[in-house]
Amino acid sequence: MSIEVKSKDEVWWVTTNEYNLDIDGENISVRISENPKSTEFFEWNETTGWEETDTDSGLMMKVYEAWSNGELE
């Protein structure tokens, strides 16, 4: 058998990073999932597990700002 790869192109990707953060003395676990079309933020809930969350207020707003500024690298 002979296989020749003529080309290989990445057409889709998803990256999910999990962070355990201390924000002003409060511990929070978050996941940030990125793909070519969107970024989603998830927060750990002891009762229900990972939940997609809003980043417009509270601790998640701080997480979003830190992520946007490259501070979570």
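Which residue forms a salt bridge with Arg 31, and how far apart are the closest N and O atoms? The partner is Glu 18, and the closest N and O atoms of the pair are 2.8 Å apart. A salt bridge here is a side-chain nitrogen of Lys or Arg within 4 Å of a carboxyl oxygen of Asp or Glu. This is a predicted model, in which local features need pLDDT of at least 70, side-chain atom pairs count only at pLDDT 80 or more, and totals for chains, interfaces and linings use all residues. Residues are numbered from 1 along each chain as its sequence is written, and side-chain values use heavy atoms, with hydrogens and water left out.

**Salt bridges**

- Three salt bridges are found in a search of the whole structure.
- Helices (H or I, at least four residues) and strands (E, at least two) are DSSP runs, numbered from the N terminus.
- Glu 18 is partly exposed, with a relative accessible area of 45%, and Arg 31 is partly exposed as well, at 30%. The classes are buried (under 20% relative accessible area), exposed (over 50%) and partly exposed (in between), with a 1.4 Å probe and protein chains only.
- Lys 62 forms a salt bridge with Asp 24, where the closest N and O atoms are 2.7 Å apart. Lys 62 lies in helix H1 and Asp 24 in the loop between E1 and E2, so this pair ties together parts that are 38 residues apart in sequence.
- Glu 4 and Lys 6 meet through their side chains in a salt bridge of 3.9 Å, N to O. Glu 4 counts as exposed at 59% relative accessibility, and Lys 6 counts as exposed at 71%.

**Lys 62 and Asp 24**

- Lys 62 counts as partly exposed, at 39% relative accessibility.
- Not counting residues up to four places away in sequence, Lys 62 touches Ile 23 and Asp 24. Contact means heavy atoms within 4.5 Å.
- Lys 62 and Ile 23 are 39 residues apart in sequence, and their C-alpha atoms are 8.2 Å apart in space.
- Asp 24 is exposed, with a relative accessible area of 66%.
- The phi of Asp 24 is near 50 degrees, a positive value in a residue other than glycine.

**Helix H1**

- Helix H1 covers residues 58-68, and its buried residues are Leu 59, Met 60, Val 63 and Ala 66. They cover an arc of only 120 degrees around the axis, which puts them on the same side of H1. The arc is that of the directions from the helix axis to the C-beta atoms.
- An α-helix has 3.6 residues a turn, so residues three or four places apart point the same way.
- The cover over the buried residues of H1 includes strand E1 (15-23), strand E2 (26-34) and strand E3 (39-45).
- Trp 67 is also placed in helix H1. Leaving aside its neighbours within four places in sequence, Trp 67 is in contact with Ile 32, Glu 34, Thr 39, Phe 41 and Leu 72.
- Trp 67 and Trp 12 are 55 residues apart in sequence and 22 Å apart in space, C-alpha to C-alpha.
- Gly 70 follows H1 and has a positive phi, near 75 degrees.

**Nonpolar core**

- The largest nonpolar core has twelve residues: Tyr 19, Leu 21, Ile 23, Ile 28, Val 30, Ile 32, Phe 41, Leu 59, Met 60, Val 63, Ala 66 and Leu 72. Such a core is a set of buried Ala, Val, Leu, Ile, Met, Phe, Trp, Tyr and Cys residues joined through side-chain atoms within 4.5 Å.
- E1, E2 and H1 are the elements that give two or more residues to this core. H1 provides the largest share, four residues.
- Ile 28 touches Tyr 19, Asn 20, Leu 21, Ile 23, Glu 43, Leu 59 and Met 60, not counting residues up to four places away in sequence.

**Surface patch**

- Met 1, Ile 3 and Val 5 form a nonpolar patch on the surface, with about 460 Å² of accessible area together.
- Ile 3 lies in the segment before E1 and counts as exposed, at 66% relative accessibility.
- Patches are made of residues with over 30% relative accessible area and no salt bridge; like charges are joined within 9 Å, and nonpolar side chains (Val, Leu, Ile, Met, Phe, Trp, Tyr) within 5 Å. Accessible areas come from the Shrake-Rupley method with a 1.4 Å probe, and for residues only the protein chains shown count as cover.
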